[in-house]
Amino acid sequence: MMLARGLTIREAREGLDKGQFSAVELCKHYFQKIKTENKKLNAFISLNEEEALESARLTDQRIKKGSIKSILDGVPLAIKDNLCQKGRKTTAGSQILQNYVAPYDATVVRLLKEAGAIILGKTNLDEFAMGSSTENSYFGPSKNPWDLTRVSGGSSGGSAVAVAADLCVAALGSDTGGSIRQPASFCGVVGLKPTYGAVSRFGLIAMASSFDQIGPLSKNVFDSAVLLSFISQKDLLDATSVGLKWPKGAFLQGLKNPRKIKVGLIKESFGEGLDEKVKAILFKAIEILKDADVELIEVSLPHLNYALAAYYVIMPAEVSSNLARYDGIRYGLSRLSEERKEEVTLEEVYSLNRALGFGQEVKRRIMLGTYLLSAGYYEAFYKKAQKIRRLFTEDFLKAFSTVDFLISPVSPSVAFKLGEKTKDPLLMYLSDIYTVPVNPAGLPAISLPCGFADNLPVGLQIIASHFEDYSLLQFSQFLENLLKGRL
Ligand code: GLN
């Protein structure tokens, strides 16, 4: 099956500027498409029709006056439903926030609005971004548009599906251990996790704060670069925000081809556990790079094999702390005991609402995190995991003293069947083995579509050093061009 790719940001801009369609027409076109397709794909949790059409009207007025705000003015986008949008439901895929209406815009949402972008609606995700298939969403799983019996990947599955099925021009997701890259790989789109600190997390519903990062999902590398350039501003509302500096006029002629480059293949990531067909596709892309005169060497990261274990200690610890705020009083769901309204205790309010409002995977992680942070275990597990985090981060940094980029798979397999891994959390966790180490190390990484195995998309992961997001995008576009017509 081939999917119609639909408009990129640049094509949407051209169409709008040349008057081939108005912003309102473009917006209506997408809502029409979403209404027919979303029943089967379940990419969107909620739509934002009135507000979107109103902003499209304003874009059309600006186009008439010749005063558009930016390349994004009038471009229809989708955002993951863990990003706050003022006055809109922001559920994080959870029953506990089912009716929560955000009182303010996340910084990224504000920046997109200021650029004139149109936000069509909020996309589906695993509850609180915990998962690899969107099957943990309270609103049901998103389906993979290449094969409806398969998962979209997760947790930003809704955004990946919306881009792949052309239900929007591009989208935002969030990535704590692979949640942008893995669904991008499963759905055949580009997905970028920026350097930690590049994008403000203000207004992103926190999962594990020292790993979380917001980033784009798009139809090509250029669109991800455009979106990142808008959202990567330093923000006083997030103490970890640094922002990114972009070369002046970076986008006027498109991204430039990179200079002579040296790339490292991560030895530990191409061994056991990687599907042979996926491996063959990845090596085809690697051969193409070699033919283009890119120097390739094998690089070993000796502590990488401990990264998944360290992640599954630190992440739940942060989760248990971040999710303590959903107490049945302050946000969303708030139910007292039906039978004994008068004498219900505070503790009963907490446990009643948390028992009712959280799904199984979220509860599992809260319990695990609470246990890991308790006296005695803190030293034995949490502290040790932080030390391991330091060790494999140093492995990465050492590698970047000899190579410009590192290459690995995104996921060990193509999109798996719905229900295939839901009974076995460990099996599900293993589908992130190649993406997870990047987040504790704070590095930027991209998933680039590089071919098909069994008619399902395969993504290649390219990792760069801290704050090298721009060169990562340049190199990715270089490879994207080399792969053109060969996929
Ligand atoms: N799948 C991973 C997890 O469940 C990563 C999730 C994410 O990046 N938000 O923890």
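**Entry 1: secondary structure and overall form**

I began with the secondary structure of the protein chain, which in this predicted model comes to 15 helices and 13 strands. I then looked up the radius of gyration, which is 22 Å and close to the 23 Å that the globule rule gives for 487 residues, so I noted the chain as being as compact as a globular protein of that length. Taken along the principal axes, the box filled by the C-alpha atoms is roughly 70 × 55 × 45 Å.

**Entry 2: burial, contacts and surface**

I asked what share of the 487 residues is buried, and found that buried residues make up 60% of them. For the contacts, I considered pairs of residues at least 6 apart in sequence, and wrote down that 76% of these contacts join residues at least 24 apart. The accessible surface comes to about 19600 Å², and carbon and sulfur atoms account for 54% of that area. I also looked up the charges: there are 59 positive and 53 negative ones, and their mean positions lie 3 Å apart.

The buried residues are G157, G158, S159, A160, V161, A162, V163 and A164. Just after this helix I came to D166, which takes a positive phi of about 55 degrees.

The peptide bond that joins G154 and S155 is cis, with omega at about 10 degrees. I marked this bond for a reason that holds in general: most peptide bonds are trans, and most residues other than glycine have a negative phi.

Which residue in the loop between β3 (118-123) and β4 (143-144) did I look up? I looked up T134, which lies in that loop and has a positive phi of about 60 degrees although it is not a glycine. T134 is buried, with a relative accessible area of 0%.

D293 was my next stop, in the loop between α8 (276-291) and β10 (295-299). Its phi is also positive, near 75 degrees, and D293 too is a residue other than glycine. Is D293 buried or exposed? At 60% relative accessibility, D293 counts as exposed, whereas T134 is buried.

**Entry 3: salt bridges**

I counted the salt bridges next, and the structure holds 23 of them. As background I reminded myself that side chains of opposite charge can pair when their charged atoms come close.

I started with the pair D17 and R13, whose side chains meet in a salt bridge with 3.2 Å from N to O. Both residues lie in helix α1 (residues 9-17), four residues apart, which is about one turn of the helix. This spacing made me recall that an α-helix has 3.6 residues a turn, so residues three or four places apart point the same way. D17 is partly exposed, with a relative accessible area of 44%, while R13 counts as buried at 7% relative accessibility.

The pair E51 and R88 also forms a salt bridge, the closest N and O atoms being 3.9 Å apart. E51 belongs to helix α3 (residues 49-65) and R88 to the loop between β2 (76-80) and α4 (107-114), so this pair ties together parts that are 37 residues apart in sequence. E51 is partly exposed, with a relative accessible area of 29%, and R88 counts as partly exposed as well, at 23% relative accessibility.

For R150 and D147 I noted a salt bridge with 2.9 Å from N to O. R150 is buried, with a relative accessible area of 18%, whereas D147, at 22%, counts as partly exposed; I checked the cut-off here, since buried means under 20% relative accessible area. I then followed salt bridges that share partners, and found that E51, R88, D105 and K113 are joined into one network.

**Entry 4: one distance across the model**

Last, I looked up E276, which lies in helix α8 and is exposed, with a relative accessible area of 57%. How many Å separate the C-alpha atoms of E276 and S156? They are separated by 26 Å, and the two residues are 120 residues apart along the chain.

Key. Residues are numbered from 1 along each chain as its sequence is written. This is a predicted model: local features need pLDDT of at least 70, side-chain atom pairs count only at pLDDT 80 or more; totals for chains, interfaces and linings use all residues. Side-chain values use heavy atoms; hydrogens and water are left out. Helices (H or I, at least four residues) and strands (E, at least two) are DSSP runs, numbered from the N terminus. The radius of gyration is taken over C-alpha atoms; the globule rule is 2.2 Å times the number of residues to the power 0.38. Buried means under 20% relative accessible area, exposed over 50%, partly exposed in between (1.4 Å probe, protein chains only). Contact means heavy atoms within 4.5 Å. Accessible areas come from the Shrake-Rupley method with a 1.4 Å probe; for residues, only the protein chains shown count as cover. Lys and Arg count as positive and Asp and Glu as negative; His and the chain ends are not counted. The place of a charge is taken as NZ of Lys, CZ of Arg, CG of Asp or CD of Glu. A salt bridge is a side-chain nitrogen of Lys or Arg within 4 Å of a carboxyl oxygen of Asp or Glu.
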